[in-house]
Every structure is written in structure tokens, then in C-alpha cells.
Amino acid sequence: MNKTYFFPIVLIVILGIGALFLPESTYTEEVSPDQLFLEINDPSRFVTTEQVARAIIEGDPTILIVDTRSSDQYKAFYLPGSVNIPLEELVDSTGKINEKWENYLGIEGMYTAFYSNGDVCADQVWVLCTRLGIKNLFVMKGGLNYWVETILRPKPPAQTAPSEEFALYDFRKGASMYFGGGGAIEVETQIAEPITPIRKKKKRVISGGC
Amino acid sequence: MGPLIANGYIDPAWNNVIALLVGIAFGYILEASGFSSSRKLAGVFYGYDFVVLRVFMTAVMVAMIGLIYFSYMGWIDLGEIFILPTFMTSIIVGGIIMGLGFVLGGYCPGTSFTGVAIGKLDAVFFTGGLYLGIFIFSMIFPWVEKIYYGGEQGPVTVMETFGISRGLFAFLFVIATLMAFFVASIVKKKVKNIEL
């Protein structure tokens with residue numbers, strides 16, 4: 001055997017043996033832990049109940065509101081126009097977003113706001129989805145508890161409060177009437193149709209050959 | 001991360017530029033390996049020169065091992081790589097025709113252009129035949145369409161067909177290739193050397 005070939009042959013055999021023990025496709029589009037940490041600490045990932053209320057009232061088509069509680073809880077009460085994606089069913093056994101929901105999450109140009117009763121469940125969904133590389137995700141700060149407190153049963157601010165708080169209170173009172181909260185006349189709320197799934201644009205495949 | 005163009009790291013508008021650069025590199029390596037000589041190429045059929053076997057198998061081996069490690073490092077998503085669909089009938093029929101042409105003309109389509117680039121007359125002649133063949137094929141395509149699309153199996157891979165892991169297949173391939181190199185070197189010693 002020619003001595004020039006000795007080193008390449010040994011190298012390729014070693015690499016070949018190495019390939020035997022490599023785990024199959026560890027590749028995921030997961031966000032790195034550092035990046036995730038930065039994003040978790042970023043307060044701009046929260047939206048207020050007022051912002052969500054405004055989006056619902058105005059019928060903003062770019063905002064998808066997602067209920068992360070179980071379907072029983074969803075049936076009992078939900079925000080108008082929201083989609084129910086329970087935390088338990090979000091991810092399938094392969095660690096990817098369940099096929100049922102993949103048309104809802106991660107659509108370009110759409111903003112998604114998660115809510116649950118408190119913050120915890122929505123936060124968990126937020127972390128899972130962010131980890132899987134989905135962009136433009138938000139959590140409704142305080143969840144439905146805070147929703148009831150601020151939107152459905154707003155309390156008037158103190159007489160000495162700054163005028164911004166009164167403006168906020170006015171908005172909340174209006175929203176409370178819209179959503180049929182305490183004190184307001186009960187009206188049948190028009191529930192928006194769930195957004196029809198839009199197929200995500202397929203990534204371009206490289207075509208060609210010899 | 002990869003494939004770079006499919007994942008938007010490189011704009012698809014660069015496709016042709018990259019193709020040109022890769023093509024130049026490919027042509028250079030073909031010429032540097034001596035693939036512009038039809039006698040050297042045909043040697044693989046007569047057993048006096050196995051450069052075709054060595055170059056192509058080495059390329060496949062390196063690319064295969066490289067992709068596996070790239071995938072492991074997370075630099076490329078093997079699920080997004082284009083895999084040519086398999087058409088069994090046309091592979092067999094086309095393979096026979098291509099092999100006949102190779103052994104007769106001493107070039108395969110790619111290397112004939114390498115030959116043209118350095119002014120080999122037989123390569124020019126071969127390339128003329130290649131275009132004539134393409135023309136005839138496109139004229140008679142309606143008659144051969146059934147063969148052309150025959151035995152469609154989709155983008156299958158050996159690993160999926162035999163249910164073995166990617167790493168095992170790569171390892172077996174490396175061993176088989178090295179054995180082939182070894183056998184080729186024995187055959188070459190037994191066959192009388194030809195002045196190239």
C-alpha cells in the first residue's frame with residue numbers, strides 16, 4: 001500500500017467508527033439556553049389585559065389569543081375569539097408542536113397572546129413554544145384572574161390618582177360593558193370564528209442533481 | 001442552521017452565483033484528477049486505471065461522513081436535504097445506456113466538458129453526441145415517458161429500506177469502499193500497464 005494513503009485511510013475508518021456511535025439526528029431548531037434566558041427576562045413578552053381587551057374589541061386580525069387551560073375550563077369560560085390549546089396537548093411525543101396546532105402557532109406576521117387562570121400555565125406554554133423557535137409570543141400578565149379584576153369588575157381609582165388612571169378606568173368600564181362584566185347589562189357576546197388554519201409557507205427545497 | 005439557502009441564511013438570488021463557483025471548483029477537481037482523459041476514464045472498465053472509482057468513492061465517503069458529523073453538530077438539518085426520487089425502471093435502462101456510452105466514448109457527461117475545456121477532440125465529438133442524444137430524447141419523449149417515470153418509489157434511502165441507522169450504513173460503506181480500493185489495486189497490478 002502506498003504510504004501517502006495511510007493517514008487518510010486511518011482517519012476515514014476512525015470517523016466511520018465514530019459515525020456508528022453518533023445518536024441519530026440530534027438536530028432541533030431549539031433556541032439556545034442563553035437566548036431563552038434573555039427572552040424570559042425581557043418584560044416586553046407580557047401584554048396587559050387592556051391590550052388584549054382592545055385587540056378583541058377592535059377585532060385585530062394579527063393577534064391570536066390562545067387559551068392554555070384544559071378544554072373543560074375553556075368550555076366553562078373563555079375570551080371571545082380565543083383558541084384552546086391545552087398545555088398537556090401542546091407538544092407530542094416527539095417533542096415537536098402537536099400537528100393539531102402547528103397551523104396556529106408561528107405564522108409569519110401573527111402575534112400570539114397566551115392566557116391561563118394565572119400566569120403559570122401560559123408561561124409554561126410560552127417557554128415551550130419559544131424554545132421551539134416560534135416568534136412573536138406573548139403572555140397576558142395576570143391571566144384570567146387579573147382579567148376579571150381589571151376588565152370585568154374594574155374599581156374606580158382614588159380621587160387623588162393621576163388622570164392616566166382615570167383614563168384607564170374609563171377604558172376598563174367601556175371594556176367591561178363590552179364583555180358583559182359585573183354591573184353592565186348582560187349582552188350576548190359575539191364569539192369570533194376561530195381563525196382558519198393557514199398553511200405555513202414551506203421551506204424551499206433545493207432541487208438539482210448531477 | 002443549514003441548508004443555508006433553504007433556511008434563509010443566503011438569499012436564493014445567490015443560487016446561480018454559488019452554482020457557478022461550485023461548478024468551477026468541480027471542473028477544476030475533475031481536471032486535476034485526470035478526468036479529462038478518456039483513456040484514464042475508460043481504464044476502470046479494462047482494469048488498468050481505477051482513478052474514477054477512487055475519486056468518486058472517496059468523494060461520496062467524505063461527503064457522507066461529513067454530513068453525519070455536521071448533522072450531529074447541528075450545522076445541517078438532514079431532513080431538509082433534497083433527495084432525488086427513485087425511478088427504478090429508468091435507473092436500470094438509463095444506467096445501461098449511460099454505461100454503454102461511457103465505455104464507448106470514454107467520457108461521462110460531466111467529464112466530457114472537462115475534456116472540451118482543455119481542447120480534446122474526442123471530448124468535443126462526445127459532447128456533440130451528447131446534445132444530439134438530448135435532442136433525440138426530447139423528440140421521442142412521448143414514447144419513452146412510461147419508462148422514464150417507471151418504477152417510481154419516491155425519495156427512498158438505503159437506510160429507510162433496510163431499516164438501519166445512518167451511522168451503521170456510513171460505516172459499512174467506508175469498509176466496502178476501502179475493500180474495493182484494495183481489490184482494485186490488486187487488479188491493477190495484474191493488468192498490463194498502458195501508457196496514458
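Guide: Here are a few terms, each set against its values.
Guide: This is a predicted model, where local features need pLDDT of at least 70, side-chain atom pairs count only at pLDDT 80 or more, and totals for chains, interfaces and linings use all residues. Residues are numbered from 1 along each chain as its sequence is written, chains are lettered from A and ligands numbered from 1 in the order in which they are written, and side-chain values use heavy atoms, without hydrogens and water.

Visitor: Why is B:Thr114 called buried?
Guide: Buried means under 20% relative accessible area (1.4 Å probe, protein chains only). B:Thr114 has 8% relative accessibility, so it counts as buried.

Visitor: What makes B:Gly27 a contact of B:Thr114?
Guide: Contact means heavy atoms within 4.5 Å. B:Thr114 touches B:Gly27, B:Leu30, B:Glu31 and B:Ser36, leaving out residues up to four places away in sequence.

Visitor: What lies 3.4 Å from a polar atom of the B:Thr114 side chain?
Guide: The backbone oxygen of B:Gly110 does.

Visitor: How do you know that β1(A) pairs with β5 of chain A?
Guide: Strands (E, at least two residues) are DSSP runs, numbered from the N terminus. Two strands pair if DSSP finds at least two bridges between them. Here 2 bridges join β1(A) to β5, residues 137-140, and the strands run parallel. A:Val47 stands opposite A:Met140 in β5(A).

Visitor: What makes β1 and β3 of chain A edge strands?
Guide: The open sheet has the order β1-β5-β4-β2-β3. β1 and β3 each have a single partner strand, so one side of each lacks a neighbour in the sheet.

Key: Helices (H or I, at least four residues) and strands (E, at least two) are DSSP runs, numbered from the N terminus. Buried means under 20% relative accessible area, exposed over 50%, partly exposed in between (1.4 Å probe, protein chains only). A polar contact is a pair of N or O atoms within 3.5 Å; within protein, one must be able to donate a hydrogen and the other to accept it, and residues adjacent in sequence count only if both atoms are side-chain atoms.
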